[in-house]
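Here is a short briefing to read with the model open beside you. Take it a topic at a time, and keep the viewer handy.

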Amino acid sequence: EAQDKEVRERTEERNALETFAYNLRLQVNDVDLLGSKLTEQSKQIINTAVQEVLSWLDHNSSPLADESREKYKLLERICKPLIEDVNRCPVESSGGGEGTGGKAPLDDEL
């Protein structure tokens with residue numbers, strides 16, 4: 001049972017990291033989401049960080065839960081300030097994304 005719990009935790013943490021990375025990449029590259037609001041430099045920083053995480057996952061098919069958690073936190077530390085800057089200083093005069101209350105869709109995840 002302890003081994004089952006460990007495997008489940010590893011899987012859940014890995015899946016959370018992978019989902020977070022793919023969602024970031026999707027939103028950064030979609031002009032209807034964050035893509036039109038981020039600077040090219042911010043997009044490059046986020047895309048590089050996401051690619052490094054996805055590459056790490058490709059080479060670590062069964063990482064320890066703590067390893068996945070640390071990668072998640074690292075990705076979050078890199079991306080969160082860039083996304084928060086967009087919310088403080090929107091590029092568009094419309095005041096943020098429609099239907100999101102001015103928040104970027106990732107605010108809840110970050």
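Predicted model: local features only at pLDDT ≥ 70, side-chain atom pairs only at ≥ 80, totals over all residues.

Residues are numbered from 1 along each chain as its sequence is written, and side-chain values use heavy atoms, with hydrogens and water left out.

**Overall fold**

- The chain has three helices and zero strands, where helices (H or I, at least four residues) and strands (E, at least two) are DSSP runs numbered from the N terminus.
- Read from the N terminus, the order of elements is α-α-α.
- Of the 110 residues, 29% count as buried; buried means under 20% relative accessible area, exposed over 50%, and partly exposed in between (1.4 Å probe, protein chains only).
- Among contacts with a separation of 6 or more, 72% come from residues 24 or more positions apart, a contact being heavy atoms within 4.5 Å.

**H1 against H2**

- H1 (residues 2-29) packs on H2 (residues 40-59) at an angle of about 150°, with the axes 10 Å apart; axes are lines fitted to C-alpha atoms, for helices over the stretch in contact, and angles run from 0 to 180 degrees between N-to-C directions.
- H1 and H2 are therefore roughly antiparallel (angles under 35 degrees count as roughly parallel, over 145 as roughly antiparallel, 65 to 115 as roughly perpendicular and the rest as oblique).
- On the H1 side the contact includes Leu 17, Ala 21, Leu 24 and Val 28, and on the H2 side it includes Ile 46, Val 50, Val 53 and Leu 57.
- The residues of this H1 and H2 contact split into eleven nonpolar, three polar and four charged (Ala, Val, Leu, Ile, Met, Phe, Trp, Tyr, Cys and Pro count as nonpolar, Asp, Glu, Lys and Arg as charged, and the others, Gly among them, as polar).

**H2 against H3**

- H2 and H3 pack at an angle of about 170°, with their axes 10 Å apart.
- That angle makes H2 roughly antiparallel to H3.
- Among the residues in this contact are Ile 45, Ala 49 and Val 53 of H2, together with Leu 75, Ile 78 and Cys 79 of H3.
- The H2 and H3 contact divides into eleven nonpolar, two polar and two charged residues.

**The aromatic pair**

- There is one aromatic pair in the structure.
- Phe 20 and Tyr 72 are stacked, at 4.4 Å centre to centre with 25° between the planes (rings of Phe, Tyr and Trp, its six-membered ring, pair if their centres lie within 6.5 Å; planes under 30 degrees apart count as stacked, over 60 as edge-to-face and the rest as tilted).
- Phe 20 sits in H1 and Tyr 72 in H3 (residues 65-88), so the pair links distant parts of the chain, 52 residues apart.
- Phe 20 is buried, at a relative accessible area of 1%.

- Ser 68 belongs to H3 and counts as buried at 0% relative accessibility.
- Beyond residues up to four places away in sequence, Ser 68 touches Glu 13, Arg 14, Leu 17, Trp 56 and Pro 63.
- Leu 38 lies in the loop between H1 and H2 and is buried, with 7% relative accessibility.
- Leaving aside neighbours within four places in sequence, Leu 38 contacts Val 28, Lys 43, Ile 46, Leu 82 and Val 86.
- Leu 38 and Leu 82 are 44 residues apart in sequence and 7.8 Å apart in space, C-alpha to C-alpha.
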